Amino acid sequence: MAGMKLAEVLVLSCLALAGATSWAQIAQPAPQAPAPRVAASAPLQPAPTRGRLLYETHCIACHNSQMHWRDGRIVRDWTGLVEQVRRWQERARLQWSEADILEVARHLNSTIYRLAPPGRA
Ligand code: HEC
């Protein structure tokens, strides 16, 4: 992405998304979401979790893992991660249950953030 700031890329991809589809469509659960391919670099990955399926169905269109790795990332601890997941599913009007929010937060934690485990629930 030579010469392009991450923020610009994000804004552009979000604009593209906004032009291509409505929020209602984003919020719509994909009928029969295809089973995600397991990357060859992750041979120990078990069957896809609910959190992973939810994230890949509803969230990944707008941002990929680069965003979660960036230096200035917002999430600093488990509570912050849960808050961000809650905020983003609200923004996309997904009306996830608390359990689904936690599933997606767990998915992101086990694949990206690797924060101290939440202890309970
Ligand atoms: C409309 C585009 C868009 C969608 C859809 C979207 N995100 Fe995001 N997300 C962003 C942008 C842009 C940022 C970084 C800027 C910000 O946080 O305000 C971000 C940041 C985040 C962060 C914080 C990353 C950090 O800095 O550590 C998390 C966690 C996150 N999103 C989770 C989700 C989840 C879960 C979903 C699905 C429910 C989702 N996002 C859907 C655009 C989106």
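Predicted model: local features only at pLDDT ≥ 70, side-chain atom pairs only at ≥ 80, totals over all residues.
Among contacts between residues at least 6 apart in sequence, 69% join residues at least 24 apart in the protein. The protein contains 6 helices and 0 strands, and its elements follow the pattern α-α-α-α-α-α along the sequence. Of the 121 residues in the protein, 15% are buried.

When neighbours within four places in sequence are left aside, Gln84 is in contact with Ile74 and Val75. Gln84 and Ala105 are 21 residues apart in sequence, and their C-alpha atoms are 8.7 Å apart in space. Ala105 is also among the residues of helix 6 that meet helix 5.

Two helix pairs, both involving helix 6, were examined in detail. In the pair formed by helix 5 and helix 6, the axes come within 9 Å and cross at roughly 125°. Because of this angle, helix 5 is oblique to helix 6. The crossing of helix 5 and helix 6 is right-handed. On the side of helix 5, the contact involves Leu81, Val82, Val85, Arg86 and Gln89. These residues meet Ile101, Leu102, Val104, Ala105, Leu108, Asn109 and Tyr113 in helix 6. By class, the residues of the contact of helix 5 with helix 6 divide into 9 nonpolar, 2 polar and 1 charged.

For helix 3 and helix 6, the axes come within 7 Å and cross at roughly 90°. The two helices, helix 3 and helix 6, are therefore roughly perpendicular to each other. Helix 3 takes part in the contact through Arg50, Gly51, Arg52, Leu54 and Tyr55, and helix 6 through Asp100, Glu103, Val104, Arg106, His107 and Leu108. The residues of the contact of helix 3 with helix 6 comprise 4 nonpolar, 2 polar and 5 charged. Val104 and Leu108 of helix 6 are listed in the contact with helix 3 and also in that with helix 5.

Tyr55 lies in helix 3 and contributes to the contact of helix 3 with helix 6. With 22 other C-beta atoms within 10 Å, Tyr55 is buried. Apart from its neighbours within four places in sequence, Tyr55 is in contact with Ile60, Val104, His107 and Leu108. The C-alpha atoms of Tyr55 and Gln89 are separated by 9.7 Å, although these residues are 34 apart along the chain. Gln89 is one of the residues of helix 5 that meet helix 6.

The loop between helix 5 and helix 6 includes Gln95 and Ser97. Most residues other than glycine have a negative phi. Gln95 counts as exposed, with 9 C-beta neighbours inside 10 Å. Ser97 is likewise exposed, having 10 other C-beta atoms within 10 Å. Ser97 and Arg86 are 11 residues apart in sequence, with a C-alpha to C-alpha separation of 9.5 Å. Arg86 is among the residues of helix 5 in the contact with helix 6.

A positive phi of about 55° is also found at Arg114, another residue that is not a glycine. Arg114 is in the segment after helix 6. With 9 other C-beta atoms within 10 Å, Arg114 is exposed.

Key: Residues numbered from 1 in each chain as written. Axes fitted to C-alpha atoms, helices over the stretch in contact; angles between N-to-C directions. Helix = DSSP H or I, 4+ residues; strand = E, 2+ residues; numbered from the N terminus. Parallel < 35°, antiparallel > 145°, perpendicular 65-115°, else oblique. Contact = placed C-beta atoms within 7 Å. Nonpolar A, V, L, I, M, F, W, Y, C, P; charged D, E, K, R; others polar. Left-handed = near helix turned anticlockwise from the far one by under 90°. Buried ≥ 20, exposed ≤ 12 C-beta atoms within 10 Å, placed from the backbone.
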